[in-house]
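Hello,

Here is the structure I promised to pass on to you. Please open it first, and then read my notes below with the model beside you.

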Amino acid sequence: MPMNSAIPYNIYTVAQRPDLVPQMKAVPPQIWPAFMLEDPVAFHYWDNLYTVFAEYQSIFVDSADTIVGTGYTIPFVWDGDPQTLPEGWDGVIERGFAAHEAGREPNAMSALSAEILPAHQGKGLSTHIIQAMREIGVRRGFHSLVAPVRPSLKPRYPLIPIERYAFWTQSDGLPFDPWMRVHARLGAKILAVSPRSMYIPGTVAQWERWTGMVFPESGQYIIEGACEPVRIERESDLGEYYDPNVWMKHTLTDRA
């Protein structure tokens with residue numbers, strides 16, 4: 001059943017529609033650069049989101065029962081202090097699963113990804129995905145929804161440190177970055193920046209395959225879709241990339 005009759009989609013959780021998981025898994029390769037699908041933490045944990053935290057994953061489908069967008073989140077334990085946030089995207093996934101395995105009751109949740117099929121981008125669906133995330137948190141009684149936001153225009157400015165880019169604003173005071181702006185319009189505030197939110201290592205050959213580039217010598221390279229340069233070390237046959245994020249917080253209850 002639709003959760004919001006004002007939009008032309010039905011919204012479910014994976015707990016309600018586990019049959020849609022194969023469709024969900026087919027979305028990321030359509031919207032992310034190849035290297036973004038190679039995060040070791042995601043390899044270790046991601047499939048468990050569909051089972052351990054099934055009720056936290058939102059699915060938006062059209063009238064043909066075809067997925068148009070998804071919203072991934074994870075519950076975790078957090079005291080509300082920005083200083084005690086995980087390092088970033090990798091860290092909050094690890095903390096969420098560690099709390100679950102230890103039997104600790106979560107009191108907050110983190111967004112992990114909002115994915116929209118290309119044909120449905122630019123239609124305001126991102127706002128509804130965040131709202132669906134917020135509604136899950138409110139129903140659970142969590143004090144906050146935080147998000148390690150990956151700024152959507154940062155790949156156009158790979159040489160600008162995230163510590164500066166995160167605080168660029170428009171003339172109206174809202175964030176310069178469109179994805180950060182979506183969060184801000186829903187009331188989210190910047191808490192911190194995470195320069196090393198996601199770590200993606202690989203051999204030189206892997207990086208050349210993921211990017212379609214050739215790296216003849218060691219050094220830093222700007223690659224399409226990356227928010228920062230990737231560092232290539234041919235001597236050790238290693239390429240390393242750290243994806244930066246911006247922590248933003250949506251307050252859900254006065255307990256925050």
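Let's start with tyrosine 45, which is buried, at a relative accessible area of 16%. Buried means under 20% relative accessible area, exposed over 50% and partly exposed in between, with a 1.4 Å probe and protein chains only.

Before going on, a word on the source: this is a predicted model, where local features need pLDDT of at least 70 and side-chain atom pairs count only at pLDDT 80 or more, while totals for chains, interfaces and linings use all residues. Residues are numbered from 1 along each chain as its sequence is written, and side-chain values use heavy atoms, with hydrogens and water left out.

Now for the rings. The structure holds 20 aromatic pairs. Rings of Phe, Tyr and Trp (its six-membered ring) pair if their centres lie within 6.5 Å; planes under 30 degrees apart count as stacked, over 60 as edge-to-face and the rest as tilted. Tyrosine 45 and phenylalanine 97 are stacked, because their ring centres are 4.8 Å apart and their planes are at 20°. Tyrosine 45 belongs to helix H3 (residues 40–49) and phenylalanine 97 to helix H4 (residues 89–101), so this pair ties together parts that are 52 residues apart in sequence. Helices (H or I, at least four residues) and strands (E, at least two) are DSSP runs, numbered from the N terminus. Phenylalanine 97 is buried too, with a relative accessible area of 3%.

What kind of pair do phenylalanine 215 and tyrosine 221 form? Their planes are at 65° and their ring centres 4.7 Å apart, so the pair is edge-to-face. Phenylalanine 215 is buried at 0% relative accessible area, and tyrosine 221 counts as buried at 16%. Elsewhere, ring pairs link Tyr45, Phe53, Tyr56, Phe97 and Phe142 into a cluster.

Two arginines lie over ring faces. Arginine 17 is over tyrosine 12, 5.0 Å from the ring centre, and arginine 196 is over tyrosine 242, at 4.1 Å. For this, CZ of Arg (or NZ of Lys) must be within 6 Å of the ring centre and within 35 degrees of the ring normal.

Enjoy exploring!
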